[in-house]
Amino acid sequence: MASFRGERMLPWDRTLHRVVLLALVLLLRCPSGQSVSWTTLPIASPNKLNAVHFWSREEGWSVGSKNTIIKTTNGGVNWVAQESPLSGPDVTWQAVSFASLDVGWAVG
C-alpha cells in the first residue's frame, strides 16, 4: 500500500501498519512449527512506522514518519522513543538495520 507525503493516514491504514509490525514481532519470537496466539500490543508512537529490525529476540528498533525512532528491549511488549540525530518533525525514516547491538543505521 503506497503512502504519499502530505497525505493523511486513515485509521484503518494506521491499524494495518500496527498489525504488520505485530506479525513481524511474533514471527521472530516463535520457533517454527509452534502455534501462535495473536495479541494486540500497543505501539509507543501514533506516527506511521515504516520499518522494523530486531537484533535479537528481545532488542528491536522501528522507524517512521515525523522523526520517529522507537526501541524495544522485551521483544515488542513495550516500545520507548529514542532521540533522533536529526531535528524537526519533517524527517521521515524509511528503513533501519543493525550490524551489532550498538551499531545501526536509519535512512530516510
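So, from the N terminus on, the elements of the protein chain run α-β-β-β-β-β-β. In other words, there is one helix and there are six strands. Helices here are DSSP runs of H or I with at least four residues, strands are runs of E with at least two, and the numbering starts at the N terminus.

Before going on, a word on where this comes from. This is a predicted model, so to speak with care: local features need pLDDT of at least 70, side-chain atom pairs count only at pLDDT 80 or more, and totals for chains, interfaces and linings use all residues. Residues are numbered from 1 along each chain as its sequence is written, and side-chain values use heavy atoms, with hydrogens and water left out.

How confident is the predictor? The pLDDT, which is its confidence in each residue on a scale from 0 to 100, has a mean of 77 for the protein chain, and 69% of the residues reach 70 or more. Over residues 1–5 the pLDDT is below 50, and beyond near neighbours in sequence that stretch has four contacts in the model. A contact means heavy atoms within 4.5 Å.

Some totals for the chain next. Of its 108 residues, 31% are buried; buried means under 20% relative accessible area, exposed means over 50%, and partly exposed is in between, with a 1.4 Å probe and protein chains only. The chain exposes about 7100 Å², and carbon and sulfur atoms supply 57% of that. Those areas come from the Shrake-Rupley method with a 1.4 Å probe, and for residues only the protein chains shown count as cover. As for contacts between residues at least 6 apart in sequence, 41% join residues at least 24 apart.

Four strands make an open sheet in the order 1-2-3-4, with antiparallel pairing. Strand 1 (49–54) and strand 4 (80–81) are at the edges with a single partner strand each, so one side of each has no neighbour in the sheet. Two strands pair, by the way, if DSSP finds at least two bridges between them. Strand 2, residues 60–64, and strand 3, residues 68–72, run antiparallel and are joined by five bridges. If you want to find one of them, look at Gly-60: its bridge partner in strand 3 is Thr-72.

Let's stop at the loop between strand 2 and strand 3. Lys-66 is in that loop, and Lys-66 is exposed, at 53% relative accessible area. Asn-67 is in the loop too, but Asn-67 counts as buried, at 14%. What about their backbones? Most residues other than glycine have a negative phi. Here, though, phi is positive, near 55° for Lys-66 and near 65° for Asn-67.

What does the side chain of Asn-67 make a polar contact with? The side chain of Ser-84, at 2.7 Å. A polar contact is a pair of N or O atoms within 3.5 Å; within protein, one must be able to donate a hydrogen and the other to accept it, and residues adjacent in sequence count only if both atoms are side-chain atoms. Ser-84 is in the loop between strand 4 and strand 5 (95–98), and at 15% relative accessibility Ser-84 counts as buried. Leaving aside residues up to four places away in sequence, Ser-84 touches Asn-67, Ile-69 and Trp-93. With its own neighbours within four places set aside, Asn-67 has contacts that include Leu-86, Pro-89, Val-91 and Trp-93.

Last topic, the aromatic rings. Rings of Phe, Tyr and Trp (its six-membered ring) pair if their centres lie within 6.5 Å; planes under 30 degrees apart count as stacked, over 60 as edge-to-face, and the rest as tilted. That rule gives two aromatic pairs. Phe-54 and Trp-79 are edge-to-face, 6.1 Å centre to centre with 85° between the planes. Phe-54 is buried at 13%, and Trp-79 is buried at 8%. Then there are Trp-61 and Phe-98: their ring centres are 3.8 Å apart and their planes at 20°, so the pair is stacked. Trp-61 lies in strand 2 and Phe-98 in strand 5, so this pair ties together parts 37 residues apart in sequence. Both Trp-61 and Phe-98 are buried.

Conventions: pLDDT = per-residue confidence, 0-100.
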